[in-house]
Amino acid sequence: MEDVKQQIKDFINKCEEVKNCKFIMATTKIKDVLKSIVNSRTLYQLFTSVSADFDYLTAKAQCLLDVSDGFNNRGVVILPESAQDKLAFIFCLLVEIDRDTINFNWFLQKYFSDDGSFYGSFYAFCDLIIDNLEKIIKAVFAKELEEEKEQKEEVFEEQQSVQTNSAKAGMLSAISLLIAQEKQFILESSIPAEDKEAGYKMLTEITKALKTGNFDLANALICGYNYYILYNNSVSQNVGTLFESIEEYESAV
């Protein structure tokens, strides 16, 4: 009898590897995500089921939209509303990328280009495509993913915090916005491209640490980021507000 829980966890780990990998490894990691689906009978049946009657060509026309400002043609991705159609669309899209019927570099630059860099576009792709894929699978297999007592308590405490104190959730949303602005500042700065990627990833990890309540890690990353911006002489007007907001949020939680 197959270990469904372990296979779902493996799939989630593969999604995390995509989100955390270097851009140069992106297509390899996407291939690994698809392999984890094929290697799991449960996941394979799920994706086969949601894709069976899904009109991908029509969905592409509705989800991959062209936007023109009169000078440049860009694209925007609008995912389907239902979780089932989201799964089907994302799965079919990843298959096309894997088969290279959609050139990944071109796709990123057309539909996720904010600053012109591939790694910035790749992180935006992960935020929309891979993160939604992972969240839906976690929701579908929530029962199978129940963890041991310690992990259950961590999730329970996070849920209780959101349910009993909406103000804390609002604070976290405000911090997420400040971090998004800080990311944009780094991407638009004149520091070397590799250093931009390092700063972008630190900010991403700070967000993850705050969302999971790992404040020791968050504070360590914040110290590192503070040194990073001073070393690169790239201090934004909002970074002080960001640090203060994080400190207030930790005190509230």
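What share of the contacts in the protein chain with a separation of 6 or more is accounted for by residues 24 or more positions apart? In this predicted model, such residues account for 69% of those contacts.

**Overall architecture**

The protein chain contains twelve helices and two strands. Along the sequence, these elements follow the pattern α-α-α-α-β-β-α-α-α-α-α-α-α-α. Of its 253 residues, 42% count as buried. The accessible surface of the chain amounts to about 14,300 Å², and carbon and sulfur atoms contribute 51% of that area.

In soluble globular proteins, nonpolar side chains tend to be buried together. Here, the largest nonpolar core has 52 residues, and those with the most contacts inside it are Phe11, Phe89, Leu94, Phe122, Phe125 and Ile129. Two or more residues are given to this core by each of the helices α1 (4–20), α2 (26–38), α3 (41–52), α4 (56–63), α5 (83–99), α6 (104–111) and α7 (118–140). Helix α7 provides the largest share, ten residues. Another core, of 22 residues, lies apart from this one; Met202, Ile206, Ala209 and Tyr228 are among its members.

With neighbours within four places in sequence left aside, Phe125 is in contact with Ile30, Leu94, Ile97, Phe104, Phe107, Leu108, Phe112 and Ile130.

**Individual residues**

| Residue | Relative accessibility | Class |
|---|---|---|
| Val67 | 43% | partly exposed |
| Thr28 | 37% | partly exposed |
| Lys196 | 13% | buried |

Lys196 is found in helix α10, which spans residues 193–212. This lysine is classed as buried because its relative accessible area of 13% falls under the 20% limit. Not counting residues up to four places away in sequence, Lys196 touches Tyr119, Ile186, Leu187, Ser189, Ile191 and Tyr228.

Thr28 is located in helix α2. Although Thr28 and Asp98 are 70 residues apart along the chain, their C-alpha atoms are separated by 8.5 Å.

**A nonpolar surface patch**

Which residues form a nonpolar patch on the surface? The patch consists of Leu65, Val67, Val76 and Ile78, which together have about 280 Å² of accessible area. Val67 lies in strand β1, residues 64–68. With 43% relative accessibility, Val67 counts as partly exposed, because this class covers values between 20% and 50%.

Definitions and conventions
Residues are numbered from 1 along each chain as its sequence is written. This is a predicted model: local features need pLDDT of at least 70, side-chain atom pairs count only at pLDDT 80 or more; totals for chains, interfaces and linings use all residues. Side-chain values use heavy atoms; hydrogens and water are left out. Patches are made of residues with over 30% relative accessible area and no salt bridge: like charges are joined within 9 Å, nonpolar side chains (Val, Leu, Ile, Met, Phe, Trp, Tyr) within 5 Å. Accessible areas come from the Shrake-Rupley method with a 1.4 Å probe; for residues, only the protein chains shown count as cover. A salt bridge is a side-chain nitrogen of Lys or Arg within 4 Å of a carboxyl oxygen of Asp or Glu. Helices (H or I, at least four residues) and strands (E, at least two) are DSSP runs, numbered from the N terminus. Buried means under 20% relative accessible area, exposed over 50%, partly exposed in between (1.4 Å probe, protein chains only). A nonpolar core is a set of buried Ala, Val, Leu, Ile, Met, Phe, Trp, Tyr and Cys residues joined through side-chain atoms within 4.5 Å. Contact means heavy atoms within 4.5 Å.
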